[in-house]
Amino acid sequence: MYAVTVIPGTADSLRLVDNYPEPSPQEGPVLVETLSVGVCGTDREIIDGAFGEAPPGSDTLVLGHESLGRVIEDPTGQLRPGDPIAGIVRHPDPVPCPNCAAREWDMCRNGLYTEHGIKARQGFARQRWRTQPEFAVPLAPGLAEVGVLLEPASVVAKGWEHVDRIGARSVWRPRRVLVTGAGPIGLLAALLGQQRGLEVHVLDRAEVGHKPELVDRLGATYHAGPVMALDFEPDIVLECTGAPTVVIDVMDKVGRNGIVCLTGVSTGGRTIEIDAGALNHSLVLENNVVFGSVNANRRHWLQAAEALARADVGWLAGLITRREDLDHYAEAYEGQPDDIKVVLEFPAAR
Ligand SMILES: [Zn+2]
């Protein structure tokens, strides 16, 4: 069968293999046929050789952590053949740490977790894969075209859940949320903010194109200037760019008792000048909280599936700006300026 593979640590080792072995029953009883996989910055970092780890005993890693598939068989009877599902990316560490033992593998303490298509576990960019029922998330039938957005939506659902939990420290009636970055994570963060009845503002560098249009269609307000030019103080910020200046500016900009959730991963190596004392002064005197958030556990995947089911499918489809088939797999992994989400489609999707 077809699989998209890399040799981790080796740049330009991206290949489409046509004789990849069928998934081993050891991977789980649920057999899934791949419809599509989403492409994100993590895939590009792995292709560049900067990131990624093959499973023990293998020197190749199958890519793909954003999945959409159809159940072929589940002998446990928990999923029905034909059901659209997405596969949960992270699996708990084998020790397990206290968090993984409680199925909160997104908060793993020892770093020994594994992740499909990223860390020591084969990915979903192969025609068929297997998993345990606990790691398969059913999608509403109407989401069959856009279900590949469930993985980024799960990351966002976790960020929002943690905002809520932090907010519960005192009386908490947030009104305005600022989302920085209008990529797939930012736009899905905006969607969940809108579903909570908040006044949603989205800031990005793009002045025209899909991003302002999608924000507009959501009923949110789009801003193309710098954070410090905004004429309001948000109660909540979901930072989805990882751009150092934006990260520092939103910590400064957030209002009293405000919460900043950082989801963007910076590459490092760039130095900017900040007045750390003034920043500390404003964080302390305003009771602000800044926290990082990564990955998602099953509870967040279910929250995300619910959020997508409530959303306008046409709007979600607008986030997928390019679909490539396997013949053009390499193009799928090359970013183009107006891309939001690029999807690689497998033969079963046609
Ligand atoms: Zn753990």
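**Close-up views of the predicted model**

**View 1. α3 supplies the largest share of the lining of the largest cavity, with four residues.** This is a predicted model, in which local features need pLDDT of at least 70 and side-chain atom pairs count only at pLDDT 80 or more, while totals for chains, interfaces and linings use all residues. Residues are numbered from 1 along each chain as its sequence is written, and side-chain values use heavy atoms, with hydrogens and water left out. A cavity here is a set of points, on a 1 Å grid over the protein atoms alone, where a 1.4 Å probe fits but cannot get out, and a lining residue has an atom within 4 Å of a point. Helices (H or I, at least four residues) and strands (E, at least two) are DSSP runs, numbered from the N terminus. The model holds one cavity of 30 Å³ or more, and the space in the largest cavity comes to about 40 Å³, a volume being the space filled by probe spheres set on the points. Around this space lie V155, V156, G159, W160, I185, A189, L238, C240, C261 and T263, with α3 (150-167) and α4 (184-195) each giving at least two residues to the lining. Sorted by class, this lining has eight nonpolar, two polar and no charged residues.

**View 2. C240 is one of the residues that line the largest cavity.** The residue counts as buried because its relative accessible area is 18%, and buried means under 20%, exposed over 50% and partly exposed in between (1.4 Å probe, protein chains only). With a disulfide taken as a pair of cysteine sulfur atoms within 2.5 Å, the count for the model comes to zero disulfides. C240 is accordingly in no disulfide, and the nearest cysteine sulfur, that of C261, is 7.3 Å away.

**View 3. The zinc ion is held by D93 (OD), C97 (SG), C100 (SG) and C108 (SG).** These contacts span 1.9 to 2.3 Å, where donors are N, O and S atoms within 2.8 Å of the metal (3.2 Å for Na, K and Ca), and a site may look incomplete as water is not among the atoms. The four donor atoms make angles of 98 to 122°, and the site is tetrahedral, a term that needs four donors with all angles between 85 and 135 degrees. Along the chain, the donors follow the spacing D-x3-C-x2-C-x7-C. Among them, C97 is buried, with a relative accessible area of 6%, and C100 is also buried, at 1%.

**View 4. The second largest pocket holds about 250 Å³ of space.** A pocket is an open set of grid points with protein on both sides within 12 Å along at least five of seven lines. Its lining includes Q26, E27, P55, P56, H91 and Q132, and β8 (114-116) and β9 (120-121) each contribute at least two residues. By class, three of the lining residues are nonpolar, six are polar and three are charged.

**View 5. L326 and P337 lie in loops on either side of α10.** L326 sits in the loop between β18 (320-325) and α10 (329-332), and counts as buried because its relative accessibility is 7%. Between L326 and F346, which are 20 residues apart in sequence, the C-alpha to C-alpha distance is 6.2 Å. P337, in the loop between α10 and β19 (341-345), is exposed, with a relative accessible area of 88%. The C-alpha atoms of P337 and A206 are 10.0 Å apart in space, while 131 residues separate P337 and A206 in sequence.

How values were computed:
Four donors count as tetrahedral if all angles lie between 85 and 135 degrees; four count as square planar and six as octahedral if opposite donors are over 155 degrees apart and all others between 65 and 115; anything else is irregular. Ala, Val, Leu, Ile, Met, Phe, Trp, Tyr, Cys and Pro count as nonpolar, Asp, Glu, Lys and Arg as charged, and the others, Gly among them, as polar.
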